[in-house]
Amino acid sequence: MNDYIIEMLNITKEFPGIIANDNVSLQLKNGEIHALLGENGAGKSTLMSVLFGLYQAEKGEIRMHGKPIKVNNPNDANAFGIGMVHQHFKLVEVFSVLENIILGIEPTKNGLLEKKEARKKVMALSEKYGLKINPDAMIEDVSVGMQQRVEILKMLYRNNEILIFDEPTAVLTPQEIKELLSIMKDLAKEGKSILFITHKLNEIMDVADRCTVLRKGQLIGTVDVKETTKEELSKMMVGRNISFDVDKKQSSPGEIVLSIKNMTVASKTHKNNAVKNVTFDVRAGEIVCLAGIDGNGQTEFVHGLTGLEKIESGSIHLCGKDISNASIRNRSVSGMSHIPEDRHKHGLVLEYTLAENLVLQRYWQNDFHNRGFIKFDQVKNYAERLIEQFDIRSGEGAETIVRSMSGGNQQKAIIAREIDKEHQLLVAVQPTRGLDVGAIEYIHKQLIERRDSGKGVLLISLELDEVLNVSDRILVIYEGEIVGELNPQETSPQELGLYMAGAKRDINRGNQHGA
Amino acid sequence: MAPNKNQPLDFNRRIKELTKSKGWASFWAAIMAVALGLVFGFLVMLVARPNSAIAGFRFVALGGFSRIGNVFYFATPILMTGLAVGFAFKMGLFNIGASGQYTMGMFFAIYVALAMDIPNSVHWVVALAAGMLGGMIFGFIPGVFKAMLNVNEVITSIMFNYIGMYLVDMWIQSNALLYNSAMTRTRYIPSNVQIPSLGIEGSNVNYGSVIAIAIAILIYIVLQKTTFGYELKATGFNKHASEYAGMKGKRNIILTMTIAGGLAGLGGALAILAPSAIAGSSMTYEPINIIATAGFNGIAVALLGNAHPIGIIFSATFISHIQRGGTLASLVGYKPEIIDVVIAIIIYFSAFAMIMNNALGSFIKNKLRKNKEKDQSNSVSTEEVAE
């Protein structure tokens with residue numbers, strides 16, 4: 001008897017110019033937590049999308065309990081008992097928790113919704129697995145953690161036996177992560193089989209039974225987690241040794257580069273201000289990290305700082321120059337570089353070539369045009385220099401359409417562009433989001449290199465490890481206010497987590513700002 | 001390590017590059033759309049008058065070749081309105097107001113030609129420039145509304161089609177210098193203000209066509225080679241990124257709409273200032289409260305040409321060719337209305353070029369994939385042996 005519930009055998013999936021999965025096999029045992037580890041663009045998501053019916057593999061087969069099955073679309077997957085929690089939740093914001101769980105398979109009576117039965121079933125499941133929810137709350141009002149529990153309940157309500165988690169911890173606080181991992185263990189104990197996509201080695205070591213590693217679309221191997229180490233896993237993943245400790249010297253802060261006083265930014269979604277009375281400085285040669293849980297005003301803060309939105313009140317000085325109401329271009333020219341939060345929305349013109357994107361902040365400079373006519377030779381030379389210097393990999397070099405590049409290389413292109421541009425302050429907003437350890441290591445090195453060459457760096461991050469390892473000074477933002485200033489060498493992840501969750505607050509800091 | 005290119009993939013890649021290249025795909029899509037349009041047009045002719053369908057269709061499809069001069073002459077205004085639509089489209093704006101801009105340009109040109117005293121040698125040039133200015137004004141206003149108040153340009157430009165048409169009709173009818181009330185048309189434009197003819201016998205083709213083609217090439221250069229074109233396309237592709245890069249989005253919207261309006265306005269001026277083959281006469285405008293069709297044909301031209309300035313030269317010529325041929329079909333007994341229907345069908349299907357573009361793309365991709373699967377099943381079996 002075969003004790004594998006799902007087997008994906010010799011799966012090959014190609015996209016134009018790239019083989020996303022090259023003869024990859026993965027076997028999921030009944031009741032295990034199986035981690036899927038790999039760099040960005042290694043093909044993890046593609047493999048899971050094949051299992052979930054979003055893509056069709058060109059070659060290979062999927063077996064369930066030893067019998068071949070065909071998954072043509074997510075409905076098929078559901079019928080086979082395969083459920084998936086996507087990285088970005090698929091919930092209807094203005095529906096209640098209960099309505100979201102039953103959406104699509106609502107029980108009806110004479111054409112009318114029959115919620116009573118459903119509620120009973122949902123609450124029973126919620127109790128059984130310790131998935132605390134408030135069934136009548138609107139999704140838009142509940143925390144990210146609860147939204148995720150709703151997603152999990154959606155799968156359980158549909159009696160799914162195979163649960164796919166696509167980077168589920170990326171959006172959670174440390175406390176929530178701990179909770180989620182213990183829920184996953186419980187689910188496995190109850191006989192559910194779990195596929196767990198993640199970049200975070202600690203989590204794999206904590207909960208997974210086995211781990212399959214992919215690199216560049218190829219299967220590197222499947223290992224027993226008990227018999228391996230973090231170092232070994234990371235080496236399998238990137239093909240070389242990775243240092244986890246960010247290697248950096250003591251910082252030596254110099255002149256004030258950025259000075260923000262009582263900055264307030266309105267919110268687009270609600271009546272209150274998203275950023276309230278924020279005051280702090282960034283000095284040359286230091287990395288200041290603005291830490292916080294997603295949605296506490298970081299986005300609005302950055303938009304106000306970089307000029308994408310107008311600030312309500314307060315002032316911003318860059319190298320002594322008042323830029324409170326300056327245009328985006330003016331701020332850029334005055335020495336502000338900006339690695340944006342959303343690289344597809346703001347950072348890149350995806351239809352343009354790599355070369356065209358690399359001059360996005362400089363095409364108007366005299367180096368790159370002659371009386372309005374772009375000097376394409378110069379643009380190409382410049383792009384080729386950056387591609388080499390920053391090791392940006394792409395199919396067709398400077399002529400590659402950026403849309404076809406991997407996320408990590410797209411990010412490298414943005415970083416190359418922003419770092420090579422004349423600047424005194426680098427604003428890096430979640431620069432490592434969605435990237436693998438290799439790329440993260442690279443980006444952290446670049447940030448520290450910027451610091452050491454005497455630039456001010458303002459890092460906005462949600463990742464605790466990043467906050468603690470990279471920064472020289474931590475400011476915690478909670479509901480639009482700075483609630484604490486911490487020294488990364490003296491604080492702990494637990495303490496930082498408490499500040500981020502709003503459970504702890506620096507009284508002095510609060511007074512300093514006034515109400 | 002440099003990104004290494006897989007040797008065996010190289011040939012496939014080259015084919016893919018060729019078939020994947022945008023120009024190739026849109027070219028074939030346009031050809032397919034045109035072919036489909038011709039087939040349906042023929043079917044309508046067959047239903048309307050079965051006996052003369054073949055002869056009539058020959059006229060529609062080929063008749064234009066015997067009147068090549070007139071094909072270019074009639075292509076000129078729709079080439080300009082096509083550019084007006086296509087240029088704005090590159091920035092993500094749908095300029096449906098080419099008709100109003102065209103009419104306004106025509107009026108400005110008529111006014112300069114008939115009511116202003118300007119030295120003979122430059123009179124037609126000034127009239128053309130005035131036409132362009134008239135169109136620019138009618139592009140500028142929707143542009144300002146869009147940029148400053150975020151009013152959808154489709155709505156304002158539709159309204160400005162009516163505003164332009166009624167204003168022009170009113171101004172013409174109330175001005176005796178411009179209006180010949182006996183003929184209910186504008187007065188003849190003196191021959192020295194008409195655009196010099198290219199001298200092809202029996203045709204009105206003139207330097208206007210040359211100017212229009214030159215402007216299409218100029219627009220192509222602006223889009224491909226200049227920082228303005230770079231900004232414009234970037235904004236069209238991704239508004240947020242262009243804002244992030246500090247481009248002046250509002251200024252560019254206004255500028256783009258103004259230029260688009262100017263193109264359509266010039267189209268109107270070129271149409272009205274064209275020389276007449278009959279001595280002592282000229283092109284005239286009849287103020288009968290009808291919106292100029294040239295503007296709407298411009299949309300079809302732009303779609304068929306995939307908003308590419310060079311493509312627009314060809315699509316405008318093609319549509320003009322079908323229209324010229326169509327008028328000949330009356331020789332075998334087709335009523336003008338039926339001919340209009342057939343032409344409309346062909347244009348209508350031609351405008352499906354965009355949809356064809358996608359359909360064709362996925363067709364080729366599937367084909368390639370199947371071929372590759374065959375290749376791979378061969379190569380993989382050897383791999384498995386090796387393992």
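This is a predicted model: local features need pLDDT of at least 70, side-chain atom pairs count only at pLDDT 80 or more; totals for chains, interfaces and linings use all residues.
1. Four strands of chain A make up an open sheet, and their order is β14-β13-β16-β17. The pairing within this sheet is antiparallel. Strands β14 and β17 (321-322) of chain A are the edge strands, since each pairs on one side only.

2. The pairing of β13(A) with β14(A). Strand β13 of chain A covers residues 256-266, and strand β14 of chain A covers residues 273-283. The two strands are joined in the antiparallel sense over 7 bridges. To locate this pairing in the structure, the reader may look for A:Met263, which stands opposite A:Val278 in β14(A).

3. The pairing of β13(A) with β16(A). Strand β16 of chain A (residues 313-318) runs antiparallel to β13(A), and 5 bridges join the two. Within this pairing, A:Ile260 has A:Ile316 of β16(A) as its bridge partner. A:Leu258, in turn, stands opposite A:Leu318 in β16(A).

4. A helix across the sheet strands. Which strands does helix α9 of chain A lie across? This helix, residues 298-306, lies across β13, β14 and β16 of chain A. Its direction is at about 120° to β13(A).

5. Two packed helices in chain B. Helix α8 (residues 207-225) and helix α9 (residues 227-237) of chain B pack at an angle of about 75°, and their axes are 5 Å apart. Because of this angle, α8(B) is roughly perpendicular to α9(B). The range that counts as roughly perpendicular is 65 to 115 degrees.

6. The residues at that contact. From α8(B), the residues B:Val222, B:Leu223, B:Gln224 and B:Lys225 take part. They meet residues of α9(B), namely B:Thr227, B:Phe228, B:Gly229, B:Tyr230, B:Leu232 and B:Lys233. Sorted by class, the contact has 5 nonpolar, 3 polar and 2 charged residues.

7. The cavities. How many cavities of 30 Å³ or more does the model hold? The count comes to 6. The largest cavity contains about 90 Å³ of space.

8. The lining of the largest cavity. Residues of chain A in this lining include A:Thr306, A:Leu308, A:Arg331, A:Met336, A:His338 and A:Gln361, while B:Tyr244 also belongs to the lining. Two elements of chain A, α10 (328-333) and β18 (336-339), each give two or more residues to it. The most comes from α10(A), with 3 residues. By class, the lining residues of the largest cavity comprise 4 nonpolar, 4 polar and 1 charged.

How values were computed. Residues are numbered from 1 along each chain as its sequence is written. Chains are lettered from A and ligands numbered from 1 in the order in which they are written. Side-chain values use heavy atoms; hydrogens and water are left out. Axes are lines fitted to C-alpha atoms, for helices over the stretch in contact, and angles run from 0 to 180 degrees between N-to-C directions. Angles under 35 degrees count as roughly parallel, over 145 as roughly antiparallel, 65 to 115 as roughly perpendicular and the rest as oblique. Contact means heavy atoms within 4.5 Å. Ala, Val, Leu, Ile, Met, Phe, Trp, Tyr, Cys and Pro count as nonpolar, Asp, Glu, Lys and Arg as charged, and the others, Gly among them, as polar. On a 1 Å grid over the protein atoms alone, a cavity is a set of points where a 1.4 Å probe fits but cannot get out, and a pocket is an open set with protein on both sides within 12 Å along at least five of seven lines; lining residues have an atom within 4 Å of a point. Grid points are joined across faces, edges and corners, and a volume is the space filled by probe spheres set on the points. Two strands pair if DSSP finds at least two bridges between them.
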